[in-house]
Amino acid sequence: MNAPISTVREGDVLVVTSNNPPVNALGAAVRQGLDAALTEAAGDDGIKAVVIICEGQTFFAGADITEFGKPFVEPSLPVLVDRIEASEKPVIAAVHGTALGGGCEVALACHYRMAVPSAKFGLPEVKLGLLPGAGGTQRLPRVAGVEVALEMATKGDPIPAAKAKDVGLVDRLASEGALRDEAIAYAREVAGARPLPRTSTRDVTVDSATFDTFRKANAKRFRGMDAPAEIIDVIEATAGKPYTEGVQRERMSFMKLMMGAQSAALRHIFFAERKAAKIDGVPDGTEARAIKKVGVIGAGTMGGGISMNFLSAGIPVTIVEMQQDALDRGTGVMRKNYEATAAKGRMTAEQVEKAMGLLNPSLSMDDLADCDLIIEAVYENMDVKKEIFGKLDRIAKPGAILASNTSYLNIDEIAASTGRPQDVLGLHFFSPANVMKLLEVVRGAKTAPDVLVTAMTVAKKIRKVAVVAGVCHGFIGNRMLMPRQVEATNLLLEGATPEQIDRVHVGFGMPMGPFQMADLAGVDIGWHRDPTRIENIRDALAAEERWGQKKGAGFYDYDDKRQPSNSPRVAAIIEDFRQKTGTPQHDVTDEEIVERTLYTMVNEGAKILEEGMAQRASDIDVVWVYGYGWPPYRGGPMFWADGEGLKKIVAGLEKHGFEVSALLREKAEKGEKFN
Ligand code: 3HC
């Protein structure tokens, strides 16, 4: 393998180039190469300045995450960045792509930073449960101020080059395509400048109120997470102290987080997300079909949300409804959603018009004839779906991909209503479809490999995290939700309250518990609509129009600000069912709630794996983190189960009389893990 770092002299400037695809991660060979280049520059009187630049898609996108937890190789990144800053000759960072984590820290250690306008700077370590560990917590507050440093390091979102320039992180912008030349010219310009601007020697202005204000403002967002709190503590404890003292504290905290369970879980999710894109059983080199135009059937909440994904990615969409008023309502909602995003400053008015301009509303399915991908998003009814797919079979051009957004129904049965089952698959979006990251790609028995590859490619284009699922009731996510719902309701009958169960789930790190979720989604979803037929607690609530937040009453009562409170009426309904069913009561402990609502999910996940409905355990974790708000710092249900110990999970399931998955039992007996 070629060395990733090469040097070339351009007159009196040494250009140090990294070529370490795909993202120029700062692995051992890169660090060693950079170190050697600094030695070369120091030892050559003919060199007056150094430019560090990267080839390929990006500047260094961070430390090499695959090295974490492995034996340490010199030089470390913290030592290397200090060496860059200590150089007696000016070092210029020439940035394109994403200067992330360690990459941003390398740039911060350079004396001058130049970037093309499309470049981005970020400290995403927090998303891996870590903190910037190569001087980032020390140099960024010195360069851009404490507020910017807190924001970037605790939230992990990158900022564009123009903003980076505004906050002082970039000294000069370069023209796209001319970075190397302009960085060399910049290097010549500053070659004789002395003293060199060394970031670590700058002062930090500290206002002690800043930290508490920031903590308070973000308390909800950072709930349950170790890294953001540690980052704030480190910056607070070290701002105003000498750099050498600050980096020591930074290192200690970095190591503490690195050894912690949360970082292990978040690193698992990082790799799981990327692994999910790889499909078993698809021949190498399978090419994706071109998707230049998309059709969506149904302009309801789902159809509208699905369409917005494509419009935002610049792909034209033809959206079809049966009635003009429904079509107008649907497209009106889409426009309103875009305008709301623009009002928050996350889109310009031109971008809104551009996206809406790509939308072609229609009342005729015949208008889908030129679409490369058609997604059906009508209500869940097999007969209706079969009829639509039968029609599509006659209308769609040869090679068009026909997808259903069903959340439960059998894709093979839908595919059989066409003469081209190889072109049919499920694309299960999650509501709100323009926001939620997850996409379940449901592989039918006859779905062609290139159709699957196309689905994964398109998913990436519309910025979804796609996971392949097999055909089974509810696929991966909703199938695992079912035992949770059943047990949550059983627990109510046996003596628990909705708020107790929700509290346990929220305490675990879920955004909301099962009953809060029911109230948000609508208690009447899937209800048979007969108020006289009351077979369970949910029927009773629905019959009284306690449909959740939208009605001001559901499992909770809501005030006019949608603040929930415990409902005496719900307590009475539950009591009534306890009497009617003669269910014996007991004190339900929090532990029992975990065992019956979370262990059962793991058990279902194991059955899904056993049946080959998910390709790998980590895919299940991705589904739950991106589709249902499972706390990422717990790594998804299967990763979490590994940490709990599979023997303990089996024992918990057996205690309550559940049928244990054979795979789960086997793994527990062998002392194995899912991941
Ligand atoms: N280390 C090792 N491998 C990495 C990596 C990293 N920092 N970043 C990405 N990769 C790998 C991915 O695993 C993937 O591998 P695969 O092809 O085998 O699946 C490949 O690079 C391509 O990655 P993506 O599919 O994510 O490519 P995209 O083009 O979609 O995105 C990116 C590029 C924005 C750079 C994205 O990969 C990313 O966000 N990477 C992580 C950045 C990060 O977290 N950096 C901080 C690291 S921690 C650190 O720096 C600690 C320091 O403070 C001491």
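Helices here are DSSP runs of at least four residues and strands are runs of at least two, both numbered from the N terminus. With that in hand, welcome to a set of close-ups of this predicted model.

View 1. Helix H11 makes the biggest contribution to the shell, giving three residues. The shell holds 25 residues, and those that come nearest to the ligand are Ala63, Gly102, Glu105, Glu125 and Arg274. Sorted by class, the residues of this shell are 13 nonpolar, six polar and six charged.

View 2. Start with the backbone: a polar backbone atom of Gly102 sits 2.8 Å from an oxygen atom of the ligand. Moving to side chains, Glu105 places an N or O atom 2.7 Å from a ligand oxygen. For Glu125, the distance between a polar side-chain atom and an oxygen atom of the ligand is 2.5 Å. On its own the ligand has 990 Å² of accessible area, and the protein covers 75% of that. Strand E5 (98-100), helix H3 (102-109) and helix H11 (261-276) are the elements that give two or more residues to the shell.

**View 3. Helix H11 against helix H24.** Let's follow H11 to a helix it packs on. Its partner is H24, residues 617-628; the two axes are 9 Å apart and meet at an angle of about 105°. Angles of 65 to 115 degrees count as roughly perpendicular, so H11 is roughly perpendicular to H24. From H11, the residues in contact are His268, Ile269, Ala272, Glu273, Lys275 and Ala276. Facing them from H24 are Ser618, Asp619, Asp621, Val622, Val625 and Tyr626. By class, this contact brings together six nonpolar, two polar and four charged residues.

**View 4. A cis peptide bond at Pro195.** The bond to look for runs from Arg194 to Pro195; it is cis, and its omega is near 0°. You will find Pro195 in the loop that joins helix H7 (179-190) and helix H8 (209-217).

**View 5. A cis peptide bond at Pro432.** Here the peptide bond from Ser431 to Pro432 is cis, with omega near -10°. Pro432 belongs to the loop between strand E15 (424-429) and strand E16 (438-442).

View 6. Phe475 lies in the loop between strand E17 (465-469) and helix H18 (477-494).

Terms used: Residues numbered from 1 in each chain as written. Predicted model: local features only at pLDDT ≥ 70, side-chain atom pairs only at ≥ 80, totals over all residues. Heavy atoms only, no water. Near = heavy atom within 4 Å. Polar contact = N/O pair within 3.5 Å; in protein donor to acceptor, adjacent residues only side chain to side chain. Areas by Shrake-Rupley, 256 points an atom, 1.4 Å probe, with all protein chains shown as cover. Nonpolar A, V, L, I, M, F, W, Y, C, P; charged D, E, K, R; others polar. Axes fitted to C-alpha atoms, helices over the stretch in contact; angles between N-to-C directions. Parallel < 35°, antiparallel > 145°, perpendicular 65-115°, else oblique. Contact = heavy atoms within 4.5 Å.
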